[in-house]
Amino acid sequence: MAPVARPVSRAAGRSEPPAVRIAGLRRSFEGRTVLDGVDLTIGRGEFVALLGRSGSGKSTILRAVAGLDPDVEGAIEVPERRSVLFQDSRLLPWASVIDNVMLGAHAPDIRERARAALREVELGAKETAWPKTLSGGEQQRVALARSLVRDPELLLADEPFSALDALTRLRMQRLLQRLCQRHAPAVLFVTHDVEEALRLADRIAITAEGRIVHDQPVAAARGNPERLEALRLDILERLGVSGD
Amino acid sequence: MSLISFTTPASVLQRRPARGSTDARSRSLLPKAPVPLQRLVGPILLLVLWCVASGTGWISPAKMPGPDAVAASLAGMIGSGTLATDIAASLQRAALGLSIGIVAGFALAVAAGLTRLGDALIDGNIQVKRSIPNLALIPLFIIWLGIGETMKIAIIALGTTVPIYINTHAALRGIDRRFVELGQTVSLSRAGFLRHIVFPASLPGFFTGLRLAVTQAWTALVVVETINATSGIGFMITQARIYGQTDVVLVGLLLYGVLGFGSDALVRALERRSLSWRQSLDQ
């Protein structure tokens with residue numbers, strides 16, 4: 001994935017260069033176009049939620065940015081240090097919790113940092129446990145620690161909380177919020193949950209038919225219930241769900 | 001403090017799930033928890049049956065000597081030291097052949113499972129070898145390697161390579177693609193990928209292969225030790241057959257049984273230790 005110096009349509013609105021620049025992303029599977037020219041810029045430390053209906057291409061964008069799709073066309077500029085949070089925790093069942101957190105990470109003090117990351121997700125006591133003995137929420141927290149220990153400049157999340165029960169999901173969202181405030185990575189967060197996007201994101205981008213059809217800042221509306229509600233209805237409408 | 005409080009009678013809390021509820025049913029699908037040494041129950045029962053049958057004279061001592069006669073000749077062989085020599089010779093052959101088979105089977109499985117060239121060169125040949133009975137190769141091996149130790153160990157090694165290869169290869173091919181993706185996202189090196197994902201994921205298959213290979217090693221031993229051997233359990237049995245010593249034949253069979261059972265138990269223990277992350281019926 002060679003960096004390109006092509007100018008992108010949307011500027012980050014900050015003086016420093018953005019964390020992610022995607023331009024003209026195209027992808028088709030057996031003749032069916034899934035991505036049809038996606039442009040997206042994410043600023044440093046910015047949290048962007050990618051909303052869209054099933055099949056609108058949001059996960060394909062994320063996989064392309066994660067470097068998991070060798071057949072995608074277009075320009076992608078991403079930071080060196082990035083980590084991915086999958087929908088499933090994707091922990092190696094044969095490795096202890098701490099070995100999972102350290103997987104693939106190289107640093108002289110990696111074990112200490114893995115311990116710190118586990119403490120941050122409140123699993124300091126589970127270091128030597130097998131992943132299968134943990135609950136679904138705990139497993140996803142280990143996955144979060146695995147992402148954090150790399151000190152990512154970009155965190156890619158593919159519906160990470162959608163398989164969790166409602167209460168655990170709320171706790172995980174709060175935890176992610178706290179961690180993002182502390183570590184300030186840029187985040188690309190794929191979800192189909194409008195509430196989750198409104199709660200977490202600085203910006204919401206909506207995908208439809210392989211393009212980003214709407215790009216909307218959220219942070220300003222937060223703290224103003226009326227504006228937030230209007231925004232919620234607007235986004236739902238754009239996703240094809242009319243409000244009541 | 002709430003104004004209304006509820007108390008639940010203890011009898012309600014402790015009531016067992018109704019018959020036919022999912023909880024009760026899912027429990028009954030599993031075998032009951034194992035008792036220590038429960039696998040010995042069957043063999044011990046067989047031994048008791050043998051004692052009773054020969055003690056009451058149901059079986060003629062000429063065809064099948066009683067446990068006392070077998071025990072006496074076992075004691076005699078231990079005393080004279082020939083038993084120790086024979087067991088040592090057999091163990092050495094089995095261990096050497098098995099070790100070669102394990103290394104070869106695993107290496108071939110990794111080569112065929114992870115590289116296209118390896119798959120093209122190796123897999124077809126192993127499938128062909130699989131359908132040729134190992135013992136049918138003995139005449140050829142005698143011509144190539146002679147009738148000495150090399151031929152015996154080669155036959156055992158070849159026989160044990162196949163089950164190790166087949167099961168390890170199947171496990172390697174079955175590695176979850178999601179873990180491969182994970183390896184990519186955490187930028188694992190090729191060596192790290194092998195060490196953290198491929199080898200651990202193939203271990204359950206390897207152990208299945210190992211248990212089959214151990215059995216295979218003992219089986220092959222019986223046959224190769226009838227060819228120009230001067231020691232070993234197979235040699236002992238062949239000699240006893242010539243002189244009509246039924247009791248010695250039985251001592252030999254008993255030894256094979258004990259060695260086979262013991263080595264399988266050893267492999268199981270090793271497997272349990274190495275795969276302790278799995279939650280299976282064994283635990």
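Predicted model: local features only at pLDDT ≥ 70, side-chain atom pairs only at ≥ 80, totals over all residues.
**Entry 1: ground rules and the interface**

I count two residues as in contact if their C-beta atoms, placed from the backbone, lie within 7 Å. With that, I looked up where the chains meet: 14 residues of chain A are in contact with 15 residues of chain B. On the chain A side I found nine nonpolar, three polar and two charged residues. For those classes, Ala, Val, Leu, Ile, Met, Phe, Trp, Tyr, Cys and Pro are nonpolar, Asp, Glu, Lys and Arg are charged, and the others, Gly among them, are polar.

Residues are numbered from 1 along each chain as its sequence is written, and chains are lettered from A and ligands numbered from 1 in the order in which they are written.

**Entry 2: the sheet in chain A**

I take helices (H or I, at least four residues) and strands (E, at least two) as DSSP runs, numbered from the N terminus. Two strands pair if DSSP finds at least two bridges between them.

I then followed E8 (residues 203-208) of chain A, which runs antiparallel to E9(A) and is joined to it by six bridges. Ala208(A) has Arg211(A) in E9(A) as its bridge partner.

Next I checked H4 (residues 136-148) of chain A. Its 13 residues should span 18 Å at 1.5 Å a residue, and the end C-alpha atoms are 19 Å apart, which agrees. The expected span is 1.5 Å times one less than the number of residues.

Is H4(A) mostly buried or exposed? Ten of its 13 residues are buried, so the helix is largely enclosed by the rest of the structure. Buried means 20 or more other C-beta atoms within 10 Å of a residue's own, exposed means 12 or fewer, and partly exposed is in between, with C-beta atoms placed from the backbone. The cover over those buried residues includes E5, H2, H3, E6 and H5 of chain A.

Ala145(A) is one of the buried residues of H4(A). I met Ala145(A) again among the residues with the most contacts inside the largest nonpolar core, which has 64 residues. Such a core is a set of buried Ala, Val, Leu, Ile, Met, Phe, Trp, Tyr and Cys residues joined through C-beta atoms within 7 Å.

**Entry 3: chain B**

Chain B has twelve helices and zero strands. Of its 283 residues, 26% count as buried.

Leu37(B) has a positive phi of about 65° although it is not a glycine, and is found in the loop between H2 and H3 of chain B. With 9 C-beta neighbours inside 10 Å, Leu37(B) counts as exposed. Asn228(B) has a positive phi too, near 45°, in the loop between H10 and H11 of chain B.
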